[in-house]
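User: I have a chain to look over and would enjoy talking it through step by step. Could you take my questions one at a time?

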Amino acid sequence: MHMISPLPVSPLKPGSPTLPLPGVDIDVVDDTGKPVPVGEDGYLVIKRPWPAMFRTLYQDEERFINVYWKDLPGGVYRAGDMARKDEDGYIWIQGRSDDVLKIAGHRVGTSEVEAAFSSHPAVAEAAVIGKSDPVKGQVIKAFVILKEGYQLTTDVIEDLQKHVRYELGPVAVLGEIAEVDKLPKTRSGKIMRRVLRAQEEGKDLGDLSTLEE
């Protein structure tokens with residue numbers, strides 16, 4: 001069911017799904033369950049039951065409670081997305097919470113970083129994951145497919161670092177950039193970052209049935 005969607009009277013803002021529908025009580029909160037200031041990233045939560053809310057997970061009531069209701073204080077439903085609110089109350093989805101990097105206490109969406117890489121003239125496509133760092137907590141590891149005529153030389157790496165920092169600010173701390181021929185994707189074209197993380201950490205890749213051939 002649509003939760004955040006424009007009504008005929010809602011002015012549109014490119015990139016935002018606009019406002020919660022009437023009867024849907026949505027907020028953006030921090031780790032303590034308190035609403036975050038305007039413009040800051042936080043967890044998207046639903047504060048009251050809503051029409052079409054599912055009531056459990058099949059044969060796994062405990063998981064339903066632990067994943068959706070107990071992760072944050074206050075008895076709110078955690079949607080699993082990171083978001084922010086603007087001064088007009090519009091919601092801006094930043095990405096799934098497990099696809100958000102935490103660098104020196106700042107949250108950065110993987111989609112934001114990937115968009116910054118892809119806006120560089122040398123990059124055809126990019127995917128990023130978080131890599132553990134003893135000082136920053138996490139740094140960015142990027143996997144890039146370069147356009148024809150470009151190679152991942154030292155000069156290109158330095159230019160990419162400058163470009164991403166210009167686009168996102170000093171919080172975008174790059175740990176490593178690797179050139180690849182292709183990225184793991186589902187058949188619908190969604191990048192499977194968990195596969196990249198598993199490869200990076202030397203873990204089992206898990207279920208790959210949805211991976212495109």
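Predicted model: local features only at pLDDT ≥ 70, side-chain atom pairs only at ≥ 80, totals over all residues.

User: Which order do the elements of the chain follow from the N terminus on?

Analyst: The chain has four helices and nine strands in its secondary structure. Read from the N terminus on, these elements run β-β-α-β-β-β-β-α-β-β-α-β-α.

User: What span does the C-alpha trace have along its principal axes, and what percentage of the residues count as buried?

Analyst: Along the principal axes, the C-alpha trace spans about 55 × 40 × 35 Å. The accessible surface comes to about 12500 Å², and carbon and sulfur atoms hold 51% of that. A residue is called buried under 20% relative accessible area. Of the 213 residues in the chain, the share that counts as buried is 39%.

User: Among contacts between residues at least 6 apart in sequence, what share joins residues at least 24 apart?

Analyst: A contact here means heavy atoms within 4.5 Å. Taking contacts between residues at least 6 apart in sequence, the share that joins residues at least 24 apart is 50%.

User: How far apart are the mean positions of the positive and negative charges?

Analyst: The chain carries 27 positive and 34 negative charges.

User: How many salt bridges does the structure hold, and which residue pairs with K13?

Analyst: Side chains of opposite charge can pair when their charged atoms come close. The structure holds twelve salt bridges. One of them has its closest N and O atoms 2.8 Å apart, and it joins K13 to D86.

User: Where in the chain do K13 and D86 lie, and is D86 buried or exposed?

Analyst: K13 and D86 form a salt bridge. This pair links distant parts of the chain, 73 residues apart: K13 sits in the segment before β1, and D86 in the loop between β3 and β4. D86 has a relative accessible area of 8%, so its side of the pair is buried.

User: Are K131, E176 and K141 buried or partly exposed?

Analyst: The cut-off for buried is under 20% relative accessible area, and partly exposed runs from there up to the exposed limit of over 50%. K131 is at 29%, so K131 counts as partly exposed, and E176, at 31%, is partly exposed as well. K141 has 7%, so K141 is buried.

User: Which residues of helix α4 are buried, and which elements do they pack against?

Analyst: Helix α4 covers residues 193–201, and R193, V195, L196 and A198 are buried there. Just after α4, G202 takes a positive phi of about 70°. The elements that the buried residues of α4 pack against are α2, β7 and β8.

User: What is the relative accessible area of V128, and which residues does V128 touch?

Analyst: V128 is found in strand β7. V128 is buried because its relative accessible area is 0%. Leaving aside residues up to four places away, V128 touches T110, V113, E114, F117, I140, K141, A142 and R193.

User: What phi values do T18 and Q59 take, and is each buried or exposed?

Analyst: T18, in the segment before β1, has a positive phi near 80° in a residue other than glycine. Q59, in the loop between β2 and α1, is not a glycine either and has a positive phi of about 60°. At 1% relative accessibility T18 is buried, whereas Q59, at 68%, is exposed.

Technical notes:
Residues numbered from 1 in each chain as written. Heavy atoms only, no water. Helix = DSSP H or I, 4+ residues; strand = E, 2+ residues; numbered from the N terminus. Buried < 20%, exposed > 50% of the residue type's maximum accessible area, 1.4 Å probe, protein only. Areas by Shrake-Rupley, 256 points an atom, 1.4 Å probe, with all protein chains shown as cover. Lys, Arg positive; Asp, Glu negative; His and termini not counted. Charge placed at Lys NZ, Arg CZ, Asp CG, Glu CD. Salt bridge = Lys/Arg side-chain N within 4 Å of Asp/Glu carboxyl O.
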